[in-house]
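The following note sets out some comments on the model, as numbered points.

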Amino acid sequence: MKGKYWAKFLAIITVLAMLAGACGDDDDEVSGEGFTFGMILVGPQNDRGWSQAHYEAGEYLQEQLGATMIVLDKVNGADRPEITVDQVVDDMVAQGAQLIFATSDDMKDGIELGAANHPDVPMVWSSGDSAWADGEGYRADLDNLGNEMGRMYYAKQIAGCAAGLTTETGNIGYLGPLINDETRRLANSVYLGAQYCWSEVRGEDPAALTFSVNWIGFWFNIPGVTLDPTQVANDFFDGGADVVISGIDTTEALVVAGQRSDGGDAVWAVPYDYEGACEEKPEICLGVPYFNWGPAYLEVTKSVIKGEFAAEWNWFGPDWDDLNSLNTSGVGFVEGDGLSDDSATALEEFIDGLAGGDIVLFTGPLNYQDGTPYLTDGEVASDHQLWYTKQLLEGMIGASASN
Amino acid sequence: MEELATIIATASPLVYAVVGETITEKAGVINLSLDGSIMLSAMAAFATSFITGSVWLGFLAAILVSAGIAALIAFSSIKLHLNQIAVGFVLTLLAADLASFLGDPYVGERAAHVEPWAIPGLSKIPVIGDVLFDHNLSVYGSYLVVIAAYWFIFRTKRGLELQGVGERPEAAFARGIPVNRLRYIYTIIGGGLVGMAGAAFSLDVKLGWRDGLTQNFGWIALAIVIFGGWHPIRGAIGCYLFGALQTLALKLQPVWPDLSQILPILPFALMIFTLLLVYLDWFRRLGDRHPGWRRLLASDPPSGIGRIFKRE
């Protein structure tokens with residue numbers, strides 16, 4: 001009998017020990033003290049856009065883990081023609097970086113070369129597809145290079161809806177960066193959101209909505225290299241648009257709309273990329289779709305610290321229960337003061353529809369701009385169809401391709 | 001018509017810079033620091049406006065900053081006999097980096113800016129009213145600066161002295177004109193106008209401050225001065241032409257979608273091409289064949305430009 005009790009006692013102790021062991025693996029106990037990571041930014045770290053969002057994700061890692069960040073901003077051919085991304089990688093590895101984030105689509109060649117040169121150092125190429133086995137850019141040989149990207153198309157649909165609910169002229173402009181699969185996907189998302197809320201929510205004639213896209217040529221203004229976004233935004237308003245939605249990293253659309261508004265025009269804008277972007281002119285800002293890279297980067301960093309890093313392609317989405325939670329939602333949308341109360345209510349219903357799956361805008365029939373089918377009747381876009389968007393959609397005005 | 005109004009408004013900072021540099025070069029001094037000067041003065045204007053809430057103090061700060069840089073160039077040339085091109089180039093790099101460093105706390109902030117103000121009466125004139133007189137004081141100032149510079153350079157005795165200093169400094173000196181003193185004065189005045197260009201960018205056209213806000217506009221201004229044949233009105237036309245080319249580039253995007261990544265650089269390339277064109281022999285012969293066109297097409301630099309004047 002005594003032996004039986006002992007056996008039971010030992011079993012309980014064993015279970016408790018296992019539980020304790022499991023708890024010991026809990027993420028909260030991962031410490032980044034002494035851990036160094038590199039952050040390569042394409043624009044200025046305080047651009048109130050894409051690069052600042054990444055920089056703040058780096059600060060989030062420091063705060064959550066106690067890790068140390070090495071950062072280099074403005075890594076692009078115009079600002080720093082003398083350096084390449086792979087050189088920055090070499091330098092960061094020499095400084096002790098144990099994980100490196102390359103945070104622009106534009107850094108493809110450099111980070112792939114850097115990853116090949118330093119196979120023992122885990123790296124992340126944000127917005128890339130090198131670790132996606134089904135992707136067109138899959139690099140099976142680079143098992144130290146993962147990809148992180150947010151499903152921004154949801155937030156862009158929300159932005160489009162806000163514009164569709166607000167426009168009085170039925171004329172919306174989209175200030176695009178350069179032309180590629182990602183930017184076409186996002187422009188299409190905005191268009192679908194605007195078209196849905198213009199026609200389905202407001203009951204307006206779908207054909208009466210004008211949606212124009214103009215691409216400046218890069219993610220932010222480089223005089224002599226890109227079109228001037230200030231001029232493009234002005235041109236949209238001159239052409240009759242009353243809402244301009246930004247797809248670039250900086251806030252020219254909002255600034256120009258603000259100037260026009262100060263002059264008495266009824267115009268609005270939607271900036272992009274940075275949670276606080278509306279602050280430059282809140283009263284005419286309809287809201288801002290933004291990335292929150294912190295949670296995804298935290299998971300990657302923890303996996304590296306624990307020695308469990310695997311090169312994966314992670315297309316993370318919003319936390320529909322709390323769209324603007326900095327700890328859980330990788331994609332967010334902050335409503336702006338420029339939204340009327342009625343529009344805000346309608347927008348929240350739209351967001352609920354997206355969250356619940358009642359509204360799936362990338363559902364066929366949808367044609368590309370040249371009339372070729374993108375999605376057949378009832379077909380819901382797969383990740384592959386969404387990621388590799390080859391044209392703007394039928395009904396949109398603007399260039400789909402570039403040389 | 002709204003597009004024309006936008007071209008006029010967005011070209012106004014370049015007009016200030018081109019007129020300022022024209023005056024400086026007319027006096028025989030090259031201020032090559034324009035790109036950095038505009039950047040630093042744009043930052044100074046915005047920061048001052050942010051701190052004080054006054055647009056006018058912002059413009060004043062920009063003028064002082066850029067005039068200070070111009071004074072450095074004049075001093076290094078006249079007193080230290082240093083090469084103006086080298087000093088200007090170094091200063092442009094220094095000023096741009098300084099703007100980036102000092103401007104960091106003001107990125108994305110809101111500050112007082114130039115308010116729209118349609119000129120009563122004039123703004124109601126059909127077509128012209130909308131294009132020219134429905135802007136703000138910064139834009140109207142650019143018109144005044146062009147007219148004033150033209151009148152001063154070509155219609156006054158002081159303007160004649162200015163041209164003499166830039167064309168034949170020795171002869172001007174022999175006539176009792178204080179060559180170097182005037183070079184100081186006009187370089188500083190020109191620099192002040194370049195500062196106004198910076199303020200017009202950050203407090204009006206490209207409202208706000210961020211790193212690289214006015215990048216490359218200084219180089220374009222320098223090119224337009226040459227394109228404009230060191231004439232303020234032709235220079236201003238060059239600025240509006242540049243603005244029109246930028247608008248054209250974006251209007252052509254839907255027409256030639258395949259060229260959408262190339263079109264943005266066209267205005268810059270076209271300005272440089274035009275610059276080459278006006279220097280071609282056949283273009284000059286065209287001016288010789290039609291004397292009436294000669295004045296319109298002339299693009300000869302002041303003879304004494306860049307030359308250090310030493311009193312023997």
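**Comments on salt bridges and helix packing**

1. In this predicted model, A:Glu252 is a buried residue, its relative accessible area being 2%. Its partner in a salt bridge is B:Arg210, with 2.5 Å between the closest N and O atoms. B:Arg210 sits in the loop between helix 9 (179-205) and helix 10 (217-227) of chain B, while A:Glu252 belongs to helix 8 (residues 252-262) of chain A, so the pair joins two chains. B:Arg210 also counts as buried, at 17% relative accessibility, because the cut-off for that class is under 20%.

2. A network within chain A deserves a separate comment. Salt bridges with shared partners connect A:Lys108, A:Glu112, A:Arg139 and A:Asp141 into one network. Over all chains, a search of the whole structure gives 20 salt bridges.

3. A:Arg139 counts as partly exposed, at 28% relative accessibility.

4. The remaining points concern helix packing in chain B. Helix 1 (residues 2-26) and helix 6 (residues 137-155) of chain B have axes that come within 9 Å and cross at roughly 25°. The two helices of chain B, helix 1 and helix 6, are therefore roughly parallel, since angles under 35 degrees fall in that class. The crossing of helix 1 and helix 6 of chain B is left-handed.

5. Which residues make the contact? Helix 1 of chain B contributes B:Ile8, B:Ala9, B:Ser12, B:Val15, B:Tyr16, B:Val19, B:Ile23 and B:Lys26. From helix 6 of chain B, the residues include B:Leu137, B:Val139, B:Gly141, B:Tyr143, B:Val146, B:Ala149, B:Ile153 and B:Phe154. Sorted by class, the contact of helix 1 with helix 6 of chain B comprises 14 nonpolar, four polar and one charged residues.

Notes
Residues numbered from 1 in each chain as written. Chains lettered and ligands numbered in written order. Predicted model: local features only at pLDDT ≥ 70, side-chain atom pairs only at ≥ 80, totals over all residues. Heavy atoms only, no water. Salt bridge = Lys/Arg side-chain N within 4 Å of Asp/Glu carboxyl O. Buried < 20%, exposed > 50% of the residue type's maximum accessible area, 1.4 Å probe, protein only. Helix = DSSP H or I, 4+ residues; strand = E, 2+ residues; numbered from the N terminus. Axes fitted to C-alpha atoms, helices over the stretch in contact; angles between N-to-C directions. Parallel < 35°, antiparallel > 145°, perpendicular 65-115°, else oblique. Left-handed = near helix turned anticlockwise from the far one by under 90°. Contact = heavy atoms within 4.5 Å. Nonpolar A, V, L, I, M, F, W, Y, C, P; charged D, E, K, R; others polar.
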